[in-house]
Amino acid sequence: MRIYNSLTRSKQEFSSLSPKTVSLYVCGITPYDTTHLGHAFTYISFDALIRVLKLKGYKVSYTQNVTDINDRDNDILKRAKEQGKTWQELTKYWTSLFLSDMEYLNWIKPDNYLYASKQIKQMTDLIEKLLKNEIAYEVNSSVYLDILKINDFGKLSKLNKDEMFKIATDFEEGVDDKQKRNPLDITLWKKREENQSNHIPFFESPFGLGRPGWHIECSAMAVDSLGEQIDIHGGGRDLIYPHHEAEIAQVEGATGKIPFAKYWLHTGQVAYRGEKMSKSLGNLVMVSDLRKKYSANAIRYMLLLNHYRSDWEYTEEMMERAALAMDLISKTIQKINSSGFDPSKDSMILLEDDLNVHKVLDLIMTNIRNINAVKTRTILENLGFIF
Ligand SMILES: [Zn+2]
(Lines give C-alpha, C1' and ligand atoms only; values in the text may rest on other atoms or scores of the structure.)
Protein backbone atom coordinates (compact mmCIF):
# COMPACT_ATOMS: atom_id res chain seq x y z
CA MET A 1 0.00 0.00 0.00
CA ARG A 2 1.29 3.46 -0.89
CA ILE A 3 0.36 6.71 0.83
CA TYR A 4 1.40 10.29 0.28
CA ASN A 5 3.60 11.54 3.10
CA SER A 6 3.54 15.33 3.58
CA LEU A 7 6.90 15.08 5.35
CA THR A 8 8.70 13.78 2.25
CA ARG A 9 6.18 15.19 -0.23
CA SER A 10 6.04 11.88 -2.02
CA LYS A 11 4.01 8.71 -2.23
CA GLN A 12 5.67 6.06 -0.12
CA GLU A 13 5.22 2.38 0.47
CA PHE A 14 3.44 2.03 3.80
CA SER A 15 5.11 -0.08 6.45
CA SER A 16 4.07 0.09 10.08
CA LEU A 17 6.49 0.43 13.01
CA SER A 18 5.14 -2.80 14.54
CA PRO A 19 3.90 -5.69 12.44
CA LYS A 20 0.20 -5.59 11.63
CA THR A 21 -0.65 -2.69 13.93
CA VAL A 22 -1.03 0.96 13.02
CA SER A 23 -1.08 3.86 15.45
CA LEU A 24 -3.05 6.80 14.12
CA TYR A 25 -3.56 10.25 15.59
CA VAL A 26 -5.92 12.73 13.95
CA CYS A 27 -6.35 16.26 15.24
CA GLY A 28 -9.89 16.78 16.44
CA ILE A 29 -12.23 19.72 16.72
CA THR A 30 -12.14 22.91 18.78
CA PRO A 31 -15.78 22.86 19.86
CA TYR A 32 -16.91 26.48 20.09
CA ASP A 33 -19.16 26.51 17.06
CA THR A 34 -20.88 24.16 14.71
CA THR A 35 -18.78 21.72 12.72
CA HIS A 36 -19.09 21.93 8.96
CA LEU A 37 -18.50 19.87 5.85
CA GLY A 38 -14.75 20.59 5.90
CA HIS A 39 -14.52 18.74 9.23
CA ALA A 40 -16.71 15.90 7.99
CA PHE A 41 -14.48 15.56 4.91
CA THR A 42 -11.37 15.18 7.08
CA TYR A 43 -12.88 12.66 9.50
CA ILE A 44 -14.65 10.58 6.83
CA SER A 45 -11.42 10.51 4.78
CA PHE A 46 -9.54 9.10 7.77
CA ASP A 47 -12.46 6.77 8.42
CA ALA A 48 -11.94 5.38 4.91
CA LEU A 49 -8.21 5.04 5.58
CA ILE A 50 -8.87 3.04 8.76
CA ARG A 51 -11.27 0.77 6.90
CA VAL A 52 -8.72 0.11 4.15
CA LEU A 53 -5.97 -0.59 6.71
CA LYS A 54 -8.32 -3.05 8.42
CA LEU A 55 -9.02 -4.69 5.07
CA LYS A 56 -5.26 -5.10 4.74
CA GLY A 57 -5.26 -6.97 8.05
CA TYR A 58 -3.95 -4.23 10.33
CA LYS A 59 -5.22 -3.55 13.82
CA VAL A 60 -5.59 0.23 14.10
CA SER A 61 -5.16 2.16 17.36
CA TYR A 62 -6.86 5.47 16.75
CA THR A 63 -6.70 8.60 18.89
CA GLN A 64 -8.55 11.83 18.24
CA ASN A 65 -8.66 14.81 20.57
CA VAL A 66 -11.07 17.55 21.51
CA THR A 67 -9.41 20.93 22.07
CA ASP A 68 -11.85 21.96 24.79
CA ILE A 69 -9.28 24.31 26.32
CA ASN A 70 -6.22 26.06 24.90
CA ASP A 71 -4.09 29.17 25.24
CA ARG A 72 -6.23 31.28 22.93
CA ASP A 73 -8.68 33.95 24.07
CA ASN A 74 -10.70 34.36 20.90
CA ASP A 75 -12.28 30.99 20.23
CA ILE A 76 -13.85 29.01 23.08
CA LEU A 77 -13.48 31.58 25.84
CA LYS A 78 -14.71 34.54 23.80
CA ARG A 79 -17.71 32.61 22.46
CA ALA A 80 -18.65 31.24 25.89
CA LYS A 81 -18.53 34.72 27.38
CA GLU A 82 -20.64 36.17 24.57
CA GLN A 83 -23.27 33.51 25.13
CA GLY A 84 -23.23 33.69 28.94
CA LYS A 85 -22.09 30.07 29.18
CA THR A 86 -19.15 28.40 30.88
CA TRP A 87 -16.44 26.99 28.61
CA GLN A 88 -17.50 23.51 29.75
CA GLU A 89 -21.14 24.05 28.77
CA LEU A 90 -20.16 25.42 25.37
CA THR A 91 -17.62 22.74 24.50
CA LYS A 92 -19.82 19.89 25.75
CA TYR A 93 -22.71 21.12 23.62
CA TRP A 94 -20.73 21.42 20.37
CA THR A 95 -18.81 18.19 20.93
CA SER A 96 -22.01 16.22 21.37
CA LEU A 97 -23.46 17.70 18.17
CA PHE A 98 -20.28 16.82 16.29
CA LEU A 99 -20.33 13.26 17.61
CA SER A 100 -23.99 12.92 16.68
CA ASP A 101 -23.21 14.02 13.09
CA MET A 102 -20.28 11.64 12.82
CA GLU A 103 -22.28 8.73 14.23
CA TYR A 104 -24.97 9.50 11.66
CA LEU A 105 -22.28 9.18 8.98
CA ASN A 106 -21.30 5.79 10.44
CA TRP A 107 -17.75 6.72 11.42
CA ILE A 108 -15.51 4.33 13.30
CA LYS A 109 -15.30 5.94 16.70
CA PRO A 110 -11.70 6.56 17.84
CA ASP A 111 -10.37 4.08 20.40
CA ASN A 112 -9.22 7.05 22.44
CA TYR A 113 -11.40 10.13 22.26
CA LEU A 114 -9.49 12.52 24.50
CA TYR A 115 -10.48 15.87 25.98
CA ALA A 116 -7.55 18.25 26.42
CA SER A 117 -8.89 19.55 29.75
CA LYS A 118 -8.60 16.04 31.20
CA GLN A 119 -4.99 15.46 30.08
CA ILE A 120 -3.21 18.37 31.80
CA LYS A 121 -0.74 16.16 33.69
CA GLN A 122 0.43 14.50 30.46
CA MET A 123 1.02 17.97 28.99
CA THR A 124 2.94 19.36 31.97
CA ASP A 125 5.07 16.19 32.07
CA LEU A 126 6.07 16.75 28.45
CA ILE A 127 6.78 20.44 29.11
CA GLU A 128 9.02 19.46 32.03
CA LYS A 129 11.01 17.18 29.72
CA LEU A 130 11.48 20.05 27.26
CA LEU A 131 12.65 22.32 30.11
CA LYS A 132 15.05 19.64 31.31
CA ASN A 133 16.44 19.26 27.79
CA GLU A 134 16.85 23.05 27.70
CA ILE A 135 14.72 23.34 24.59
CA ALA A 136 12.03 25.22 26.50
CA TYR A 137 12.36 28.21 28.85
CA GLU A 138 10.21 29.65 31.59
CA VAL A 139 9.50 33.37 31.95
CA ASN A 140 7.31 34.63 34.75
CA SER A 141 5.43 31.28 35.05
CA SER A 142 4.76 30.96 31.30
CA VAL A 143 6.74 28.39 29.33
CA TYR A 144 7.86 28.61 25.68
CA LEU A 145 9.58 26.35 23.21
CA ASP A 146 12.75 27.93 21.84
CA ILE A 147 12.56 27.17 18.12
CA LEU A 148 16.20 28.13 17.58
CA LYS A 149 17.13 25.06 19.66
CA ILE A 150 15.40 22.82 17.10
CA ASN A 151 17.79 22.32 14.20
CA ASP A 152 15.23 21.09 11.73
CA PHE A 153 12.30 23.31 12.74
CA GLY A 154 10.17 23.78 9.62
CA LYS A 155 10.90 20.41 8.06
CA LEU A 156 7.21 19.61 7.56
CA SER A 157 5.93 22.95 6.26
CA LYS A 158 9.19 23.99 4.57
CA LEU A 159 8.23 27.63 5.13
CA ASN A 160 10.75 30.37 5.67
CA LYS A 161 10.63 32.53 8.80
CA ASP A 162 8.75 35.38 7.09
CA GLU A 163 6.06 33.03 5.85
CA MET A 164 5.81 31.49 9.30
CA PHE A 165 5.50 34.92 10.89
CA LYS A 166 2.58 35.83 8.67
CA ILE A 167 0.67 32.60 9.38
CA ALA A 168 1.53 32.68 13.11
CA THR A 169 0.04 36.19 13.29
CA ASP A 170 -3.20 34.98 11.66
CA PHE A 171 -3.33 31.98 13.99
CA GLU A 172 -3.18 34.06 17.21
CA GLU A 173 0.19 32.56 18.10
CA GLY A 174 1.22 35.43 20.36
CA VAL A 175 3.96 36.75 18.06
CA ASP A 176 3.85 40.02 20.01
CA ASP A 177 4.33 38.33 23.41
CA LYS A 178 7.27 40.31 24.83
CA GLN A 179 8.33 37.41 27.04
CA LYS A 180 9.32 35.31 24.02
CA ARG A 181 12.95 35.20 22.92
CA ASN A 182 11.78 34.85 19.33
CA PRO A 183 8.31 35.87 18.07
CA LEU A 184 7.87 32.39 16.54
CA ASP A 185 8.57 30.54 19.82
CA ILE A 186 5.71 28.29 20.78
CA THR A 187 3.62 28.85 23.88
CA LEU A 188 3.62 25.65 25.94
CA TRP A 189 2.05 27.01 29.12
CA LYS A 190 0.24 30.31 29.51
CA LYS A 191 0.30 31.79 32.97
CA ARG A 192 -2.87 32.84 34.76
CA GLU A 193 -2.86 36.63 34.92
CA GLU A 194 -3.45 38.23 38.31
CA ASN A 195 -6.47 40.17 37.11
CA GLN A 196 -7.68 37.32 34.91
CA SER A 197 -11.40 37.36 34.20
CA ASN A 198 -13.50 34.66 35.90
CA HIS A 199 -14.58 33.09 32.62
CA ILE A 200 -10.99 32.01 31.85
CA PRO A 201 -10.12 28.69 33.47
CA PHE A 202 -6.78 27.72 34.95
CA PHE A 203 -5.09 24.53 36.03
CA GLU A 204 -2.35 23.66 38.47
CA SER A 205 1.11 22.89 37.13
CA PRO A 206 4.73 22.79 38.30
CA PHE A 207 5.12 26.25 36.70
CA GLY A 208 2.14 27.76 38.49
CA LEU A 209 -1.52 28.27 37.62
CA GLY A 210 -2.32 28.58 33.93
CA ARG A 211 -3.45 26.68 30.87
CA PRO A 212 -1.73 24.67 28.16
CA GLY A 213 -0.85 25.80 24.65
CA TRP A 214 -2.86 24.24 21.84
CA HIS A 215 0.09 22.49 20.22
CA ILE A 216 1.46 20.76 23.33
CA GLU A 217 -1.98 19.27 23.89
CA CYS A 218 -1.87 17.08 20.79
CA SER A 219 1.79 16.16 21.36
CA ALA A 220 1.02 14.98 24.89
CA MET A 221 -2.17 13.11 24.01
CA ALA A 222 -0.53 11.36 21.06
CA VAL A 223 2.49 10.23 23.09
CA ASP A 224 0.44 9.19 26.10
CA SER A 225 -2.15 7.19 24.18
CA LEU A 226 -0.06 5.80 21.28
CA GLY A 227 3.63 6.06 22.22
CA GLU A 228 6.65 8.24 21.55
CA GLN A 229 6.73 7.22 17.88
CA ILE A 230 3.57 6.70 15.87
CA ASP A 231 2.77 5.49 12.38
CA ILE A 232 0.39 8.11 11.02
CA HIS A 233 -0.49 11.61 12.11
CA GLY A 234 -3.26 13.35 10.27
CA GLY A 235 -5.37 16.45 10.07
CA GLY A 236 -6.50 19.20 7.76
CA ARG A 237 -3.83 20.80 5.56
CA ASP A 238 -4.32 24.15 7.31
CA LEU A 239 -2.79 22.59 10.44
CA ILE A 240 0.65 21.93 8.91
CA TYR A 241 2.01 25.19 10.27
CA PRO A 242 2.05 26.08 13.09
CA HIS A 243 0.23 23.18 14.71
CA HIS A 244 1.91 20.10 13.27
CA GLU A 245 5.31 21.74 12.95
CA ALA A 246 5.10 22.53 16.66
CA GLU A 247 3.94 19.01 17.51
CA ILE A 248 7.00 17.51 15.80
CA ALA A 249 9.42 19.91 17.52
CA GLN A 250 7.87 19.25 20.92
CA VAL A 251 7.79 15.48 20.79
CA GLU A 252 11.16 15.00 19.10
CA GLY A 253 12.66 17.61 21.42
CA ALA A 254 11.32 15.83 24.49
CA THR A 255 12.01 12.21 23.52
CA GLY A 256 15.01 12.52 21.18
CA LYS A 257 13.31 9.93 18.96
CA ILE A 258 13.01 10.83 15.29
CA PRO A 259 10.59 10.71 13.58
CA PHE A 260 7.70 11.33 15.97
CA ALA A 261 5.28 10.33 13.19
CA LYS A 262 6.45 8.24 10.27
CA TYR A 263 3.74 9.45 7.87
CA TRP A 264 1.95 12.79 7.89
CA LEU A 265 -1.37 12.79 6.03
CA HIS A 266 -3.26 15.97 5.29
CA THR A 267 -6.73 16.46 3.88
CA GLY A 268 -7.62 19.17 1.38
CA GLN A 269 -9.72 22.24 2.00
CA VAL A 270 -13.40 22.47 1.18
CA ALA A 271 -14.71 25.65 -0.40
CA TYR A 272 -18.24 26.92 -0.81
CA ARG A 273 -19.33 29.76 -3.08
CA GLY A 274 -15.79 30.53 -4.14
CA GLU A 275 -14.09 30.69 -0.73
CA LYS A 276 -12.63 28.19 1.72
CA MET A 277 -15.39 27.10 4.08
CA SER A 278 -14.63 28.78 7.39
CA LYS A 279 -16.32 30.01 10.49
CA SER A 280 -14.91 33.50 10.07
CA LEU A 281 -16.32 33.86 6.54
CA GLY A 282 -19.63 32.33 7.53
CA ASN A 283 -19.95 30.28 4.30
CA LEU A 284 -20.62 27.02 6.08
CA VAL A 285 -22.50 23.92 5.03
CA MET A 286 -23.42 21.84 8.03
CA VAL A 287 -23.80 18.09 8.23
CA SER A 288 -26.61 18.74 10.71
CA ASP A 289 -28.53 20.49 7.89
CA LEU A 290 -27.66 18.00 5.15
CA ARG A 291 -28.79 15.06 7.27
CA LYS A 292 -32.33 16.50 7.42
CA LYS A 293 -32.60 15.85 3.70
CA TYR A 294 -30.02 13.24 2.71
CA SER A 295 -29.11 9.75 3.86
CA ALA A 296 -25.81 8.99 5.56
CA ASN A 297 -24.84 6.97 2.49
CA ALA A 298 -25.49 9.91 0.13
CA ILE A 299 -23.43 12.33 2.25
CA ARG A 300 -20.59 9.81 2.64
CA TYR A 301 -20.69 9.16 -1.11
CA MET A 302 -20.54 12.90 -1.90
CA LEU A 303 -17.57 13.39 0.47
CA LEU A 304 -15.66 10.35 -0.79
CA LEU A 305 -16.11 11.39 -4.43
CA ASN A 306 -13.28 13.81 -3.63
CA HIS A 307 -9.79 12.43 -3.09
CA TYR A 308 -8.70 13.15 0.49
CA ARG A 309 -5.81 15.39 -0.59
CA SER A 310 -7.78 17.46 -3.07
CA ASP A 311 -9.18 20.92 -2.49
CA TRP A 312 -12.74 21.01 -3.76
CA GLU A 313 -15.82 23.14 -3.81
CA TYR A 314 -19.15 21.98 -2.48
CA THR A 315 -22.24 22.70 -4.54
CA GLU A 316 -25.88 21.76 -3.98
CA GLU A 317 -25.86 20.09 -7.42
CA MET A 318 -22.98 17.87 -6.30
CA MET A 319 -25.01 16.73 -3.29
CA GLU A 320 -28.10 16.14 -5.44
CA ARG A 321 -26.11 14.11 -7.99
CA ALA A 322 -24.56 12.07 -5.17
CA ALA A 323 -28.00 11.31 -3.74
CA LEU A 324 -29.27 10.14 -7.15
CA ALA A 325 -26.16 8.00 -7.72
CA MET A 326 -26.50 6.44 -4.28
CA ASP A 327 -30.13 5.69 -5.00
CA LEU A 328 -29.20 3.92 -8.24
CA ILE A 329 -26.42 1.95 -6.53
CA SER A 330 -28.73 0.92 -3.66
CA LYS A 331 -31.38 -0.33 -6.08
CA THR A 332 -28.79 -2.18 -8.16
CA ILE A 333 -27.18 -4.06 -5.31
CA GLN A 334 -30.55 -5.10 -3.84
CA LYS A 335 -30.82 -7.47 -6.82
CA ILE A 336 -28.22 -9.77 -5.26
CA ASN A 337 -26.99 -11.01 -8.63
CA SER A 338 -23.47 -12.36 -8.55
CA SER A 339 -22.82 -12.21 -12.27
CA GLY A 340 -21.54 -9.26 -14.27
CA PHE A 341 -18.46 -7.07 -13.69
CA ASP A 342 -16.64 -7.83 -10.45
CA PRO A 343 -14.90 -4.61 -9.25
CA SER A 344 -13.15 -6.23 -6.24
CA LYS A 345 -9.63 -6.61 -7.62
CA ASP A 346 -9.47 -3.21 -9.35
CA SER A 347 -10.94 -1.58 -6.25
CA MET A 348 -8.27 -2.93 -3.95
CA ILE A 349 -5.53 -1.75 -6.33
CA LEU A 350 -7.08 1.73 -6.35
CA LEU A 351 -7.51 1.86 -2.57
CA GLU A 352 -3.93 0.79 -1.98
CA ASP A 353 -2.68 3.60 -4.22
CA ASP A 354 -2.97 6.54 -1.81
CA LEU A 355 -6.59 5.80 -0.98
CA ASN A 356 -8.25 6.42 -4.34
CA VAL A 357 -11.76 5.90 -3.00
CA HIS A 358 -13.22 8.29 -5.57
CA LYS A 359 -11.89 6.10 -8.38
CA VAL A 360 -13.53 3.05 -6.82
CA LEU A 361 -16.85 4.90 -6.71
CA ASP A 362 -16.34 5.98 -10.35
CA LEU A 363 -15.55 2.40 -11.34
CA ILE A 364 -18.77 1.18 -9.76
CA MET A 365 -20.89 3.89 -11.40
CA THR A 366 -19.28 3.35 -14.81
CA ASN A 367 -20.23 -0.33 -14.69
CA ILE A 368 -23.51 0.01 -12.84
CA ARG A 369 -25.63 -1.43 -15.69
CA ASN A 370 -23.77 -4.72 -15.61
CA ILE A 371 -22.21 -5.09 -12.19
CA ASN A 372 -21.83 -7.96 -9.76
CA ALA A 373 -24.21 -6.80 -7.03
CA VAL A 374 -22.88 -9.06 -4.27
CA LYS A 375 -19.24 -8.05 -4.72
CA THR A 376 -20.15 -4.38 -5.10
CA ARG A 377 -22.16 -4.43 -1.92
CA THR A 378 -19.20 -5.89 -0.03
CA ILE A 379 -16.84 -3.20 -1.32
CA LEU A 380 -19.21 -0.43 -0.34
CA GLU A 381 -19.90 -1.93 3.09
CA ASN A 382 -16.14 -2.14 3.62
CA LEU A 383 -16.00 1.60 2.92
CA GLY A 384 -18.60 2.37 5.57
CA PHE A 385 -21.82 2.43 3.55
CA ILE A 386 -24.81 0.75 5.16
CA PHE A 387 -27.38 -1.31 3.26
ZN1 LIG B 1 -3.75 18.59 16.95
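How many helices and strands are there in the chain? This predicted model has 13 helices and 14 strands.

**Figure 1. The whole chain, before we zoom in.** Laid along its principal axes, the chain has C-alpha atoms that fill a box of roughly 70 × 45 × 35 Å. The radius of gyration comes out at 22 Å, close to the 21 Å that the globule rule gives for 387 residues, so the chain is as compact as a globular protein of that length. Of those 387 residues, 43% count as buried. Take the contacts with a separation of 6 or more, and 78% of them come from residues 24 or more positions apart.

**Figure 2. Helix α4 crosses helix α6.** Here we're looking at α4 (residues 120–132) and α6 (residues 214–226), whose axes come within 8 Å and cross at roughly 100°. Angles of 65 to 115 degrees count as roughly perpendicular, so that's what α4 is to α6. On the α4 side, the contact uses Gln 122, Met 123, Leu 126 and Ile 127. Facing them from α6 are Ile 216, Glu 217, Ser 219, Ala 220, Met 221, Val 223 and Asp 224. Sort the residues of this contact by type and you get 7 nonpolar, 2 polar and 2 charged.

Figure 3. Strands β6 (residues 136–139) and β7 (residues 142–145) run antiparallel, joined by 4 bridges.

Conventions: Residues are numbered from 1 along each chain as its sequence is written. This is a predicted model: local features need pLDDT of at least 70, side-chain atom pairs count only at pLDDT 80 or more; totals for chains, interfaces and linings use all residues. Two strands pair if DSSP finds at least two bridges between them. Helices (H or I, at least four residues) and strands (E, at least two) are DSSP runs, numbered from the N terminus. Axes are lines fitted to C-alpha atoms, for helices over the stretch in contact, and angles run from 0 to 180 degrees between N-to-C directions. Angles under 35 degrees count as roughly parallel, over 145 as roughly antiparallel, 65 to 115 as roughly perpendicular and the rest as oblique. Two residues are in contact if their C-beta atoms, placed from the backbone, lie within 7 Å. Ala, Val, Leu, Ile, Met, Phe, Trp, Tyr, Cys and Pro count as nonpolar, Asp, Glu, Lys and Arg as charged, and the others, Gly among them, as polar. The radius of gyration is taken over C-alpha atoms; the globule rule is 2.2 Å times the number of residues to the power 0.38. A residue is buried if 20 or more other C-beta atoms lie within 10 Å of its own, exposed if 12 or fewer, and partly exposed in between; C-beta atoms are placed from the backbone.
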